[in-house]
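Hi,

Here's the structure I said I'd pass along.

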Amino acid sequence: MVFLEVSRKMLEQRLMARTDHFFPEKLLDSQLAALEPPGQDERVQVVLSGDDPAQTAAKIIATLWPYGEPNLEGTPVPGVM
């Protein structure tokens, strides 16, 4: 499981860039206050969001599959999904 960590500044920028979106900016504070990041005892990988969505996706893939994307037809690598 991956927890995507995004800075407040980036969240605000993304909200401001959206037009005709159902989520008003004024709800951001309450949403962040209610957010419960994973605890240290949970098996969750934390990934910091990048400026570019493709960069963020690449970070997630590298975190989940540090030895390269899995070969679903081959022998599984221990410790890799």
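Predicted model: local features only at pLDDT ≥ 70, side-chain atom pairs only at ≥ 80, totals over all residues.

A quick word on the terms: on a 1 Å grid over the protein atoms alone, a pocket is an open set of points where a 1.4 Å probe fits, with protein on both sides within 12 Å along at least five of seven lines.

Residues are numbered from 1 along each chain as its sequence is written, and side-chain values use heavy atoms, leaving out hydrogens and water.

Back to the largest pocket: 14 residues line it (an atom within 4 Å of a point), and Val6, Leu11, Leu28, Leu32 and Leu35 are the ones nearest its centre. β1 (2–5), α1 and α2 are the elements giving two or more residues to that lining. Helices here are DSSP runs of H or I with at least four residues, and strands are runs of E with at least two, numbered from the N terminus. By class, the lining has ten nonpolar, one polar and three charged residues (Ala, Val, Leu, Ile, Met, Phe, Trp, Tyr, Cys and Pro count as nonpolar, Asp, Glu, Lys and Arg as charged, the others, Gly among them, as polar).

Next, the charged pairs. Counting a side-chain nitrogen of Lys or Arg within 4 Å of a carboxyl oxygen of Asp or Glu as a salt bridge, there are two. Arg8 pairs with Glu12, with the closest N and O atoms 3.0 Å apart; these two sit four residues apart in helix α1 (residues 8–17), so about one helical turn separates them. Arg8 is partly exposed at 35% relative accessibility (partly exposed lies between buried, under 20%, and exposed, over 50%, with a 1.4 Å probe and protein chains only).

Asp29 also bridges to Arg8, at 2.5 Å between the closest N and O atoms. Because Asp29 is in helix α2 (residues 28–34) and Arg8 in helix α1, this pair ties together parts 21 residues apart in sequence. Through shared partners, Arg8, Glu12 and Asp29 join into one network.

Lastly, Gln45 is in strand β2 (residues 45–48). Leaving aside residues up to four places away in sequence, Gln45 touches Met1, Val2, Phe3 and Thr63 (heavy atoms within 4.5 Å).

Cheers
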